[in-house]
Every structure is written in structure tokens, then in C-alpha cells.
Amino acid sequence: MHKFSSGVKAITGVMLIIICAMIPSSIIFPQEDLSLSNIPLNSNWQIQGLLLTSLVCGPEIGTISAISYLIIGLFYLPVFHGGGSVGYILTHEFGYLLGFIPAAWTCGFLAKNTSKPNLINYSFYTAISLCIIHIIGIFYLVFGKIFGNWLESLSDLILVNTFIPFPTQLLLCISISLLSILLKRVLIVK
């Protein structure tokens, strides 16, 4: 069995989230002339990188990776979808990033306490975690609107930040669930 230290796992988790944040999601399908057509979707793999880390490495490493990712984005590198820096706290996307912490812990905790991992269980866990991210993001939008942080209407902010990307993110959760099961078997992770 491969054993890695918690620090190596956490660094790997943060790097996975950063790399996944740069990967746009799309549907690729062949056309009649055997060329490939690409339909871009309204999401990247940032959330799925976090959930994959939590599913494979557990709640502690998932949570540490989420916190480290936020610290890196706020103080060091512009790794968030819209950039980074301390000023990012005042954007309407930051609430969703705050949701990464409880979502990572929840996803990892549920996966760790599953006696037999399977696609249905893992997809359910990632869907619950995705909902946690969006619920916290919506609360952040509501509080920001109450304190006058943004001019857009609350319904428009929720539509753009939750309802438009949510279906794509939910579909990507199934892919991440399958990938995590395969990785656990290849890496012999319990």
C-alpha cells in the first residue's frame, strides 16, 4: 500500500484544485467528417478538483486543501476563476469559495465512512457537497446585498452564480465520482 504524508497529500490536493480551475468543461462529440466539435459549458473543474481530493484523501486533507487554496488565492497567486487577492472577498463569487471548506469536509467524511464505495454513493456525496457550496454562496450574496456590496439584483446574482452553472457542475460530479473510485483502486487507498 502506498502511504504518503499528510503534507504531500495536502499539497497535491491544492495543486489539483489549481490545475482543475484552469480546465474548462465542454462536451466533445464527433461530426460526420470525423472532426471533433466542442460545446463549451458554463463551468470549470475547480469544484470537482476539490471534491476529488476529498473523496480520495478524506475530510482532513480535503479541508486543508480548501483552506490552503483560499489562502493562496487571497494572498499569493490569482488562482480563482476571476483572479485573486484580498479584494476578492468583496466579489460575489467569494461566498462560493468559502463553501469549499465545509463541502470538502462533508464530502470526505461521507466517503471515508462508506463501507463500500460505489458510483451512486459518491455521486450523492458530491451532489450534497455541491449544494453546500451553493447554499453558502447564496447566503453570501444575500448578506452582500443587504450591506450594499453589489448593484446587481439578488435574483440575477443567484441566477448567474448558482442556477446557470449548477447543472453542469452536477454532471461533472458524476465524472469525479467515477474517477475517484478508479484512483482509489489504482492507488490502493482505503
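Close-up 1. Glu60 is partly exposed, at 45% relative accessible area; here buried means under 20%, exposed over 50%, and partly exposed in between, with a 1.4 Å probe and protein chains only. This is a predicted model, so local features need pLDDT of at least 70 and side-chain atom pairs count only at pLDDT 80 or more, while totals for chains, interfaces and linings use all residues. Residues are numbered from 1 along each chain as its sequence is written, and side-chain values use heavy atoms, leaving out hydrogens and water. Glu60 pairs up with Lys112 in a salt bridge, and their closest N and O atoms sit 3.8 Å apart. The two partners come from distant parts of the chain: Glu60 belongs to helix H3 and Lys112 to helix H5 (residues 100-112), 52 residues apart. Helices here are DSSP runs (H or I, at least four residues), numbered from the N terminus. Lys112 has 52% relative accessibility and counts as exposed. The count of salt bridges comes to one, going by a side-chain nitrogen of Lys or Arg within 4 Å of a carboxyl oxygen of Asp or Glu. As background, side chains of opposite charge can pair when their charged atoms come close.

**Close-up 2. Asn161 and its polar partners.** Look for Asn161 in helix H7 (residues 154-163). Asn161 counts as buried, with 13% relative accessibility. Its side chain makes a polar contact with the side chain of His92, at 3.1 Å. A polar atom of the Asn161 side chain also lies 2.8 Å from the backbone oxygen of Leu157. For a polar contact, take a pair of N or O atoms within 3.5 Å; within protein, one must be able to donate a hydrogen and the other to accept it, and residues adjacent in sequence count only if both atoms are side-chain atoms. Skip the neighbours within four places in sequence, and Asn161 is in contact (heavy atoms within 4.5 Å) with His92, Glu93, Tyr96, His134 and Leu141.

Close-up 3. The structure holds eight aromatic pairs. Trp105 and Phe109 form a stacked one, with 4.8 Å centre to centre and 10 degrees between the planes. To count as a pair, rings of Phe, Tyr and Trp (its six-membered ring) need centres within 6.5 Å; planes under 30 degrees apart are stacked, over 60 edge-to-face, and the rest tilted. Trp105 and Phe109 are about one helical turn apart because they sit four residues from each other in helix H5. Trp105 is partly exposed at 43% relative accessible area, and Phe109 is partly exposed at 37% relative accessibility. Tyr140 and Trp150 make a tilted pair, 6.1 Å centre to centre with 40 degrees between the planes. Tyr140 lies in helix H6 (residues 119-146) and Trp150 in the loop between H6 and H7, so this pair ties together parts 10 residues apart in sequence. Trp150 is buried, at a relative accessible area of 7%. Tyr69, Phe80, Tyr88 and Phe100 form one aromatic cluster.

Close-up 4. Ile67, Ile71, Phe75, Tyr76, Leu77, Val86, Ile89 and Leu90 make a nonpolar surface patch of about 810 Å². Patch members have over 30% relative accessible area and no salt bridge; nonpolar side chains (Val, Leu, Ile, Met, Phe, Trp, Tyr) are joined within 5 Å, and like charges within 9 Å. The areas come from the Shrake-Rupley method with a 1.4 Å probe, and for residues only the protein chains shown count as cover. Tyr76 is in the loop between helix H3 (59-75) and helix H4 (94-98), and is exposed, with a relative accessible area of 64%. Ser85 is in the loop between H3 and H4 too, and its phi is near 100 degrees, a positive value in a residue other than glycine. For context, most residues other than glycine have a negative phi. Ser85 is partly exposed at 38% relative accessible area.

Close-up 5. Val14 is part of helix H1 (residues 6-21) and is buried, at 5% relative accessibility. Leaving aside neighbours within four places in sequence, Val14 is in contact with Ser65, Ser68, Tyr69 and Ile72. Ile101, in helix H5, is partly exposed at 26% relative accessibility. With the neighbours within four places in sequence left out, Ile101 is in contact with Thr63, Ala66, Ile67 and Leu70.

Note on methods:
Helices (H or I, at least four residues) and strands (E, at least two) are DSSP runs, numbered from the N terminus.
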